[in-house]
Amino acid sequence: MSQPNHANLAEKLTNDTKRTDWHNNSIWWVRQNRDKAVFGIPDWENLRNTASSIKSYMLENLHDLLLEFEKNAQANGVKVHWAADAKEHNEIVHGILRKRAVKKMVKSKSMLTEECGLNHYLEDQGIEVIDTDLGERIIQLRHEPPSHIVAPAIHLKREDISETFHEHLGTEKGNIDPQYLTEAARQSLRKDFLSADAALTGVNFAIAETGEFVVCTNEGNADMGAHLAPVHIACMGLEKIIPKREHLGVFLRVLARSSTGQAITTYSSHFRKPRPGQEMHIVLVDNGRSRHIQKPKFKDALKCIRCGACMNTCPVYRRSGGHSYHVTVPGPIGSILAPNADLEKNSDLPFASSLCGACSNVCPVKINIHEQLYEWRQIITQEGHSSTGKTIGMKAMNFVLSNPKVFELGGKMGRTLMRTVPSLVNNSMNPWYKSREMPEPPKESFKDWYRKNRNNE
């Protein structure tokens with residue numbers, strides 16, 4: 001079976017020009033909101049520098065911070081579990097639910113559980129899992145993975161959602177009114193909140209100093225689940241730890257602005273200890289993170305706070321869609337995280353970039369994303385994981401560019417052939433031509449033009 005490939009998967013979206021343009025414009029609108037929000041405060045760059053410095057400290061002191069968090073969380077009455085990988089994470093969560101005979105669990109958005117495949121695992125064990133974030137619920141009903149880490153259903157139009165709700169929730173066919181559709185989802189989920197035996201949330205930030213964790217949502221669904229259910233399970237990657245409570249304000253200020261253009265998320269919920277009669281568990285998950293932190297050129301990727309800003313600005317992501325990345329976290333940040341998990345399987349992703357640097361420019365914790373994409377490309381090529389066509393093409397380009405006479409002759413031949421026999425390049429064998437019009441070939445090279453005009457100034 002062939003490996004998934006970003007370029008081939010992207011054709012599902014790019015073949016539909018109208019939807020591609022709509023997807024691009026929708027995400028760019030979010031990016032514009034981000035710009036308005038961040039440039040409206042004078043200390044934005046100071047916030048970015050501070051957030052980046054705190055995360056750097058976290059990476060250098062991760063072991064001690066995690067132990068401090070565990071000690072303080074246990075003192076608060078929280079049960080702490082450690083998972084080495086996705087399998088162990090799923091087994092821990094299932095063990096907690098099995099002990100309490102849980103048959104139905106509500107879940108707020110958690111990219112970590114998506115990464116671990118928790119939903120399918122629990123469903124195979126006979127446990128019903130209801131995603132309660134609106135976007136997550138939509139794609140769950142459609143049996144699709146999320147296409148964005150903040151707006152998981154951003155690839156869908158209102159018509160798509162209307163049809164899904166008509167099929168699964170019995171809404172009026174063809175009604176695309178957002179308020180009507182949202183109300184239908186709200187009424188359906190209310191029953192699930194009231195009847196669930198357990199609730200699971202993600203974790204945006206865990207504070208070592210106090211043993212508490214913070215969950216940021218715009219819908220309040222995490223609070224509804226955690227406050228009603230007798231069991232609350234929170235799952236977090238090791239990198240979500242921050243040292244002190246006073247640091248939290250920095251991240252809350254940069255997260256929402258970078259993500260959606262809000263000054264702050266609607267709900268920033270602090271969970272410190274279980275209420276009387278409730279169990280609270282937190283699962284700390286490695287799943288390759290400790291391996292990633294050992295790579296000096298790439299460890300800064302673990303600073304990521306999952307705001308999605310790099311996706312919203314990336315010209316490749318905006319026009320190819322999140323599903324073309326075939327990993328849980330798509331876009332630029334996913335393309336530097338995924339090769340660490342499986343270099344061969346994900347070797348296509350670092351090449352799904354123009355290396356324009358826009359991702360690094362908007363990152364609120366100043367991850368050098370485009371530089372890491374370039375570094376991965378070198379490693380992938382050196383280890384022989386680049387495609388045969390790309391390898392041959394790069395060798396041919398190296399030969400041409402290293403020989404000025406060959407380059408000049410090739411340019412003349414290319415211009416002549418493109419003018420006289422345009423079908424040689426305007427065909428399906430040319431990947432560039434698949435979604436673009438080829439430019440009109442110039443009559444002469446820049447070198448020829450310069451020779452004739454350099455003395456005319």
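**A tour from the inside out**

Helix α8, which spans residues 134–141, is largely enclosed by the rest of the structure, because 7 of its 8 residues are buried. Please keep in mind that this is a predicted model. The buried residues of α8 are Gly 135, Glu 136, Arg 137, Ile 138, Ile 139, Gln 140 and Leu 141. What do these residues pack against? Their partners are the helices α6 (111–116), α7 (118–124), α9 (158–169) and α10 (178–195), together with strand β3 (128–131).

The side chains of Lys 107 and Asp 131 form a salt bridge, with 2.9 Å from N to O. This pair links distant parts of the chain, since Lys 107 sits in strand β2 (residues 104–107) and Asp 131 in strand β3, 24 residues apart. Both Lys 107 and Asp 131 are buried.

Other pairs lie within a single helix. An α-helix has 3.6 residues a turn, so residues three or four places apart point the same way. In helix α5 (residues 86–99), Lys 87 and Glu 91 are 4 residues apart and therefore separated by about one helical turn. Their side chains meet in a salt bridge of 2.6 Å, N to O. Lys 87 counts as exposed because its relative accessibility is 56%, while Glu 91, at 36%, is partly exposed. Glu 183 is partly exposed at 33% relative accessibility, and Arg 186 is partly exposed at 41%. The count for the model comes to 24 salt bridges, and Glu 115, Glu 239, Arg 289 and Arg 306 are linked in a network of them.

Now for the empty spaces. Rolling a probe the size of a water molecule over the atoms shows where empty space is left. There are 3 cavities of 30 Å³ or more, and the largest cavity has a volume of about 100 Å³. It is lined by 14 residues, and those closest to its centre are Cys 304, Cys 307, Cys 310, Cys 363 and Pro 364. The second largest pocket has a volume of about 1400 Å³. Among its 34 lining residues, His 6, Ala 7, Asn 8, Ala 10 and Pro 431 are the closest to its centre. Two or more lining residues come from each of α1 (6–14), α2 (17–38) and α15 (315–320), with α1 giving the largest share, 6 residues.

Our last stop is around helix α20. Leu 409 is in this helix and is exposed, at 52% relative accessibility. Val 425 lies in the loop between α20 (404–420) and α21 (446–453). At 23% relative accessibility, Val 425 is partly exposed, and beyond its neighbours within four places in sequence it contacts Met 418, Asn 430, Tyr 433 and Met 438. Leaving out residues up to four places away in sequence, Asp 448 touches Glu 408, Lys 412 and Arg 415.

Definitions and conventions
Residues numbered from 1 in each chain as written. Predicted model: local features only at pLDDT ≥ 70, side-chain atom pairs only at ≥ 80, totals over all residues. Heavy atoms only, no water. Buried < 20%, exposed > 50% of the residue type's maximum accessible area, 1.4 Å probe, protein only. Contact = heavy atoms within 4.5 Å. 1 Å grid on protein atoms, 1.4 Å probe; cavity = no way out; pocket = protein on both sides within 12 Å on 5 of 7 lines; lining within 4 Å. Points joined across faces, edges and corners; volume = space filled by probe spheres on them. Salt bridge = Lys/Arg side-chain N within 4 Å of Asp/Glu carboxyl O.
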